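Today I went looking for aromatic rings that pair up.

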Amino acid sequence: MRRRRSTRGVPQSRLRVGFVLIAMVLSVFGARLVQLQGVDPGSYAAMAAAEGTVEVVLPAERGDILDRNGEPLADSVDGLMVVADPAQTADDAPAIARFLAERLSVDYIDTLARLRGADKESRFEYIARRVPSTLANDVLEEAEARDIEGLSTRRDPVRTYPAHDVAANLIGFMGTDEAFGGLEQVFDKHLSGTDGSARYEVGGGNKIPLGSHETTDAVDGADLTTTIDRDLQWFTQRVLRDAVRKAGGESGVALILDSRTGEVLADADYPTFDAANPADYETEDRGARSINLAYEPGSVQKVLTLASLIDAGRMTARTEFTVPGRLDRQDRPIRDYFEHGTLRLTLAGILAKSSNIGTVLAADRFKPGEMRSYLEAFGLGRRTDVGLESESPGILPDPALWTEQAEDRIAFGQSLSVTPIQMAAAVNTIANDGVRVAPSLIKGTAVRDDGVEIGTGVAATRRVVSSYAAHQTTLMMERVVDPEDGVAPKAQVPGYRVAGKTGTAQRVGAECGCYDGTFTVSFGGFAPAEDPRFTIYVAIHDPDTGGGGSVAGPVFSQLMGFTLHRYGVAASGKKGKALPVTW
């Protein structure tokens, strides 16, 4: 038989060949590794870096601005920024810029420059900030369908104002990267938080999975809770708007305060604006007239004058006066708004009839400097620091300029100026048993960008007049709305005792610096008079006709009635003691 040839050497040969091949491959890799890490590491690192390192901002979410019940007045919702990689967009920049300008309403020239990159190494450029998510995603889908490369999105919260014009004058609004006016600007640091950042390597326009990656997380802003009641604010704005339009007025304000705490429940302006679309409105309608518009208060001032006289022990609500039809004083005669002969009025009657002459005769009993000291204590002549910027301090003449003529006019509301928030807080002092509590827009405490801490938690209080003086003044103010003896029966609220005072003041024209023939009409008061819960001040500038009782009084009545019912305040049990107005 023929013997088979042995094949034992074949596997060994194959193994030897395999080991040789493996050794050769490893030698190649080893040589390459030596080249990369030992021979010329710098040049290869530079080549890798040239592929690109991108650094992007991780925007913080802005804190919400809330009403007293947690309802949003300003909040942030999901949004996106649209960004570009110039390495991929530069060649087709003109066509891409046209597309983005049409879809995102961005500037064509600016977008063209960004698509081409700020420099040769640029790999990240903002195209549009705070774009609603739906719109941004639609734009990128369309770009992909058009074979446009190099566009992407990143998280970028969008500021929204769900109540639109409600409290807009207090809230302010956000631009693309800046806060404008109101609480948005004053508390910008508190609300904005701190942006984070991310830095990573890209290659071929894509993030390198195992490349270097550094991230600093964003710190979201803090919420800000206001004292505003959003529903009451909405109602107040609508009532004020209708009143100003009906009266043919230029503008108006209405404030509602919690009498016990000084919290501002509503602060309405008309005309106003929609914080979601501020560019559609006049600049002068975006501010808060309640804190930055100063004017002569008119006869509401008489409440402060007469309360001070009672507190000083100069007289009582029943003190009797003989009031002539004309009072000749230093440089000119003083008259009342109505023609009359000699009247015999009590101090309560002077307030009920709103007599300028009677008020001046009563103010003659002040000691030198006494009236001014009281008005300072009521908060006139200085800012309330309620929370907003650009607050006017008003004008309370310096002691060196405080002449007898000035005192006569200041006693009944001329020759000084106030803001609505000052006057509301001053009237509220009578409602709060003679203790002034600083008005507040912020619930709790918060620190403004200028470092000032404000809010209900730090609201200052001080006694201005005695409890007795406040009570007597309240009884006198009740006579103002009396249908027989008062000048403002339209300010009554069915079922409740109301204390208030009208005001009709001449306005000083900006151009002439003199009285220009227009007026501000106002009404300030509180209810229930026996146990005040709310203080309301209304002012309407330049109405066609009417005074404080007929124009502002009905607004007060409507707002007070709604507020009392909204907060479940029980009706007054019985009528108060009616003070005599004549003798």
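My entries on the rings follow.

I am working with a predicted model, where local features need pLDDT of at least 70, side-chain atom pairs count only at pLDDT 80 or more, and totals for chains, interfaces and linings use all residues. Residues are numbered from 1 along each chain as its sequence is written, and side-chain values use heavy atoms, with hydrogens and water left out.

Entry: pairs. I paired rings of Phe, Tyr and Trp (its six-membered ring) if their centres lie within 6.5 Å; planes under 30 degrees apart are stacked, over 60 edge-to-face, the rest tilted. I got seven aromatic pairs.

Entry: Phe 173 and Phe 273. This pair is edge-to-face, with 6.0 Å between centres and 75° between planes. Phe 173 is in strand β8, while Phe 273 is in the loop between β15 and α11, 100 residues apart. Strands (E, at least two residues) and helices (H or I, at least four) are DSSP runs, numbered from the N terminus. Phe 273 is buried at 1% relative accessibility (under 20% is buried, over 50% exposed, in between partly exposed; 1.4 Å probe, protein chains only). Phe 173 is buried too, at 11%. Phe 173, Phe 180 and Phe 273 make one aromatic cluster.

Entry: Phe 235 and Phe 562. Their centres are 3.9 Å apart and their planes at 15°, so I call the pair stacked. Phe 235 lies in helix α10 and Phe 562 in helix α19, so the pair ties together parts 327 residues apart in sequence.

Entry: charge over a ring (NZ of Lys or CZ of Arg within 6 Å of the ring centre and within 35 degrees of the ring normal). I found the charged end of Arg 344 over the ring of Trp 583, 4.6 Å from its centre.
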